[in-house]
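Dear colleague,

I am passing on the structure that we spoke about, and below it you will find an account of what came out of the analysis. Please read it with the structure open beside you.

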Amino acid sequence: MSKYSLAIENSWRDLKNSDGRISFATQAALLFFLITLSLSSHSIQEYLKTNLDQMLGSDMVLENHGTLAHYHETALGNIADVVSKTALSDVTLTHENNWARVQLKQVDDFYPVQGSLQIATAPTALAQSVTQGPKADEIWLGPRLAAKLSAQVGDTLILGGTDLTISAILLHEPDRLMEGHSVAMRAMIHSNSGHELDTSNLRLRYLISADASEQEYIETWVSDNIAGAKLIKKYGGVHPLAGFWKRTENFLGLASVILFFMGAVALDMTNRRWLAKMRYRLALYNSFGTHLHTGISIILSSWFFNFLLASIAGTVFAWLAHLMIIAELQAYFPNITAVWSNRGVTQTIALVFLLLLALKTPSFIQLRHTSLLSLIRNSAENSFVWQRLLWGLISVTTLAAAYSDNWLLTAMTLIAIFAALVLMTMLTWCIIRLGDKFGQSRSGLLPFVFFIMRRRLFAKSSQIMGLGLCGLLVLFTLMLMRDLGGMLENYSRTHDGNLIISEAQENQLPAIKNWAKNTDSQIRALRPFVSAQLIEVNGSALNDYMQKPSDTLAVLQDPIRLSWTDETPRNNQLMGGTWWEQDTPRWQQISTEPEVMTDMGFNYGDELTYMINGRRYTFTLVASHAYKSGGGSITFWFQVPFAAITHIDAPTRYMGSMELPDDAWGSLSALWQRFPTLSLVPLKELTDRFDDTLGIVSKVTNGYAVMILLLALFVLAASVSGYRADDALKNGLLLSMGLKKKDCLKLNFYDWAITAIIAAVGAISGTWIAGILIYEEQFSLPYNPDILWVLGTVIAMVSIVCLVGYMACRQSLQISVRDLLQS
């Protein structure tokens, strides 16, 4: 028989016992999760690529925040065949007593560049195609907007002092790239309608028709002349949502670190029995004259064949799950289809293979350096515990590095897990050693339990850390979504009032204050800022400086709110660096939040260049600040000295919050009729958006929770199966010495109860540490878990562990003493 045939036969034999089945199921579950993630991400990215080609409405789109200089527009018109200028702005439209926040598009005579518009005389009427947008003094409303405003064709709206006639219902725009993704209501007007809107915060889009050579020239020209601009190509370009879904994939992939942690624990527990079997096989092979290297290669081949079977099973179930996910996503992405990716599946399987091989490496090293005598004697594994722990940490760190786009959050998660492991190790050693010392001068079953646990300290530590880590991850995962939504809503209602002033211009403040006085409303906070777009870091363009997708980078690619102050705000605390002095003449200093520094790789002394109202301003990073509760909820990512405002030529804007009585809401429409660009967001609207988002996230979370609980069952099964032989031998010895079966059951119950209680204490402590780090440090929210819910979960955990251990012991006591001693 060849060694490969023997390896296949051994792998099938391994799958017939419980340890082999647990190991196989754990590997298949990990592969299932990551392959499903890879396939879903690939299908979404393929859909976005097709969507980009069909919905861009031109060959290229140049997007910029703020109007281009006249000579830039002239130069662009000379390069391209056709250029259509559109402007997007967020305004509030009112009709009678109804109001709605709208994305308003202003178009010129060249719009649309490619394709046609679809309009109708009513939301339910037949659509007709037109090749030009609305005429001057006309407005087209989207069907949802028309229903929200209770408006119809022929009605008149007032926008910035200009009367606009509703002449059509807008059903489709050929350049609406976000069609099917954006929930914003929309309206369209002609750019020559004579309205008076603020033009300093518009999002300009230039739709360009150009051939391949002209597109190449335009790309170079834009990068050299227009800082902060974004170019989107029709073919071969990157969809605006591609980065978002890449970050979503990274987040879910990062969540797989937790699953891999649990899988590693289950595999490590089954590894004890596997290693004992492999020692026996090597000793048997060696007795037949087989070289040690050949024996190890047979074992390695057998393990690889089991992994191959797990890969096949994981891939099949992942494809079925992928089909279900795509069917669910069709509600958000019309016509999306499931797409197979050979490259994605292969890369995922290869990554998991390397991670699992790293976990198995200490065992192969141990087998490689053992003698025939040690194989027969089945030497202790204590000296290899730290090697297994080290290789496990290497594997988890590798997986985190492959997916993480927020190293601060990743580090906090890993720190919480590591701290929990250290605490559980210390508790195990202290409690077992103290219990053993306490029982040395006493008799009874409980002192005897501590004596046995003391003799198996390394094995018991591994078992407790596995169960405790499993409890920690289950507790925190289930509590995170349960607590976060309620805390966010309660916190917002306490600190933000019931109306958020998202953006107000300086000339609008007197009217807001007067309106608040007349309606008995209370202005709780107002903070000034200017709109600033980060374009360079240390002289390098932002996209060249940071190329890895992240949430922070996605925000910084658009204008952010830049505020100014001399003293550290009451709701901020200095985290590092040096805050500037009062009335400092060195106005080109800046402070940012620690998470921004970590995600973007900023260091103190870095030069950050911003585009503010068409001009460049460079600031030196000198400090970092973080939010603290108790002083209001309005805070900013970036802050500069008060003296900077005298040097920055840009309109000042304000954000804040108000508390409105019930009878004041009806008069908001009068305020919006005067100032349609005034951005006021009711807190209920924010919470409704949050609830909608939470509904989508809950579906993902439920699937993730199922994976967590599934692997938790594997860990529990492995903790019993991995030590079944030791427990059987212990019971056999005790019965041979005259103890009754009920005494063995009591000893077993005490053993598992102590194990489960220590693991539960470690799980609670680790959850508390994770809550402090992530809830308070990341979200700046107080961590106040439901104590009764936590205790109930822990009691359930201890009860389940004791019950499973009791049932396993009772089953083993059904056989004879001789069988127990020989098992």
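The accessible surface of the protein chain comes to about 37600 Å², and 58% of this surface belongs to carbon and sulfur atoms; accessible areas come from the Shrake-Rupley method with a 1.4 Å probe, and for residues only the protein chains shown count as cover. Please keep in mind that this is a predicted model, in which local features need pLDDT of at least 70 and side-chain atom pairs count only at pLDDT 80 or more, while totals for chains, interfaces and linings use all residues. Residues are numbered from 1 along each chain as its sequence is written, and side-chain values use heavy atoms, with hydrogens and water left out.

The protein chain has 823 residues, of which 52% are buried (buried means under 20% relative accessible area, exposed over 50%, and partly exposed in between, with a 1.4 Å probe and protein chains only). It has 23 helices and 22 strands, these being DSSP runs numbered from the N terminus, with helices (H or I) of at least four residues and strands (E) of at least two. Among contacts between residues at least 6 apart in sequence, 82% join residues at least 24 apart, where contact means heavy atoms within 4.5 Å.

Turning to charged pairs, the count comes to eight salt bridges, a salt bridge being a side-chain nitrogen of Lys or Arg within 4 Å of a carboxyl oxygen of Asp or Glu. One of them joins K105 and E173, whose closest N and O atoms are 2.7 Å apart. K105 lies in strand 3 (residues 98-107) and E173 in the loop between strand 8 (162-172) and strand 9 (185-190), so this pair ties together parts that are 68 residues apart in sequence. K105 is buried, with a relative accessible area of 6%, and E173 is likewise buried, at 3%.

A salt bridge also forms between E503 and R653, with 3.1 Å between the closest N and O atoms. This pair links distant parts of the chain, since E503 is in strand 12 (residues 499-505) and R653 in strand 21 (residues 653-659), 150 residues apart; both E503 and R653 are buried.

R616 and E536 meet through their side chains in another salt bridge, at 2.6 Å from N to O. Here R616 belongs to strand 19 (residues 615-627) and E536 to strand 13 (residues 522-537), 80 residues apart. R616 is partly exposed at 46% relative accessibility, whereas E536 is buried at 19%.

Finally, E63, R203 and R205 are linked in a network of salt bridges.
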